[in-house]
Amino acid sequence: MMNPDSGCDIEDIPLVFDEDGLRRFEKFLVITNQQACDLHCPWCTGKATNYPFGDDQLEELVCCLEHTRRAGIRFNMGIISGNGEPSFLGYEDLRKIRDTLKTQHFEEYLFQTGGNLFWDTKKFELFWDWTMELTRGAFDPKRDMTMRGYKRDYTKTETFRKARLGLNITLIEENLPDLPNEIDRYLNAFGDRLVRLTLKVLNINTRTGKPDNPYSQWVFDHGVPPEKSETVAELVSSRYSLKQEYDPVLDRIVWDACDVPLIMEMKKRRYGRLHMAFSQGKLQDYLLRQFSFPSNDRLGSFVLR
Ligand code: SF4
């Protein structure tokens, strides 16, 4: 393990290569820092982890991506995410991020939104062919709205009706007995547009792992703990057939839920260790350790175009 203060050496991450010998990471995330969200999720990872806000420095994105390319790194997914709601970013900035990520040939492109993107047709159209990654506390819109403190039901919008969906189901203790039925509800309602369903063990605090603020305390009190992930897996296996047994690199199990991949992140390993985040002009991991690259990698200056 490296010293968390000394920066993040790329060798800290498990080695996964594809057939071309290129280093594989699972996700490349652009984290926007809008300091705002129209939702109030009690489990908010950004707040539970107390991630710092700051200038997005989007002008550094091209250069950072070039560093990863020269280092022989490839990613499965390119994702627009946020320490807050990413669709609050201006149209032009979103378009520039989209165009920049599109030069990288990720296997899949995702936009994480709490739902606000569906109310802005112009911004949605920028990402009409991306997977919309949404996290829900409940299938029932009223319950989800109450739980997460929002008033407009985005599932009623035209944009939502035509979106490809990657839905995350939060694992909350009180919902566990009904989990197989809840999965069925999502499949019945959105099955033809579902790219995947993911069962999420919530993060208490991604950096400290401790319940040291009201959000992380809520997760500690209400979330299904990682130690219980095997029990949840057994429950899911009672309804759906296994597609992939536990993968220790990706730390997940996959079931076949009516042809939709149903994924459970088991949280036996450090969360996000195969993810790289561009945030505030730097490449870092979820512990806010900065990635370093070879010093002989001489790059000119790049700008977003
Ligand atoms: S939608 Fe995301 S950023 Fe907004 S409160 Fe919920 S978890 Fe936090």
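Strand β7 (241-247) is joined to strand β8 (residues 252-257) by 4 bridges, and the two run antiparallel. Strands here are DSSP runs of E with at least two residues, helices are runs of H or I with at least four residues, and both are numbered from the N terminus. Two strands count as paired if DSSP finds at least two bridges between them. Within this pair, Gln244 stands opposite Val254 in β8, while Ser241 has Asp256 of β8 as its bridge partner. The hairpin of β7 and β8 has 4 residues between the strands, and there Asp251 takes a positive phi near 60°.

A word on the source: this is a predicted model, in which local features need pLDDT of at least 70 and side-chain atom pairs count only at pLDDT 80 or more, while totals for chains, interfaces and linings use all residues. Residues are numbered from 1 along each chain as its sequence is written.

Now step back to the whole sheet. It is open and mixed in its pairing, with 11 strands in the order β7-β8-β9-β6-β5-β4-β3-β2-β1-β10-β11. Strands β7 and β11 stand at the edges with a single partner strand each, so one side of each has no neighbour in the sheet. From one strand to the next, the twist averages 25°. Helix α9 (residues 229-237) packs on this sheet, where it touches β6 (194-200), β7, β8 and β9 (260-265), and its direction makes about 160° with that of β9. Such angles run from 0 to 180 degrees between N-to-C directions, with axes fitted to C-alpha atoms, for helices over the stretch in contact. Contact means that the C-beta atoms of two residues, placed from the backbone, lie within 7 Å.

The protein chain has 9 helices and 11 strands. Of its 305 residues, 35% are buried. A residue is buried if 20 or more other C-beta atoms lie within 10 Å of its own, exposed if 12 or fewer do, and partly exposed in between, again with C-beta atoms placed from the backbone. Among the contacts in the chain with a separation of 6 or more, 73% are between residues 24 or more positions apart.

Helix α2 (residues 61-70) shows where some of that burial happens: Leu61, Cys64, Leu65 and Thr68 are buried. Seen down the axis of α2, these residues fall within an arc of 100°, so they line one face of the helix. That arc is taken from the directions between the helix axis and the C-beta atoms. The buried residues of α2 pack against β1 (23-32), β2 (73-82), α3 (91-102), β10 (275-279) and β11 (282-284). After α2 comes Gly72, with a positive phi near 75°.

Phe28 lies in strand β1, and its contacts beyond four places in sequence are Phe75, Gly78, Ile79, Phe106 and Met276. Its C-alpha atom is separated by 6.1 Å from that of Met77, which is 49 residues away along the chain. Thr131 belongs to strand β4 (residues 131-136). Beyond four places in sequence, Thr131 is in contact with Glu108, Tyr109, Leu110, Arg164, Leu165, Gly166 and Val195. Thr131 and Arg193 are 62 residues apart in sequence, with 9.6 Å between their C-alpha atoms.

Most residues other than glycine have a negative phi. His105, in the loop between α3 and β3 (108-112), has a positive phi of about 55° although it is not a glycine. Gln280, in the loop between β10 and β11, has a positive phi near 50°.

| Residue | C-beta neighbours within 10 Å | Class |
|---|---|---|
| Phe28 | 23 | buried |
| His105 | 10 | exposed |

Finally, the ligand. The residues around it are Cys37, Leu39, His40, Cys41, Cys44, Thr45, Gly46, Gly84, Glu85 and Gly114. A residue is counted as near if its C-beta atom, placed from the backbone, lies within 6 Å of the molecule. By class, this shell has 4 nonpolar, 5 polar and 1 charged residues. In that scheme Ala, Val, Leu, Ile, Met, Phe, Trp, Tyr, Cys and Pro count as nonpolar, Asp, Glu, Lys and Arg as charged, and the others, Gly among them, as polar.
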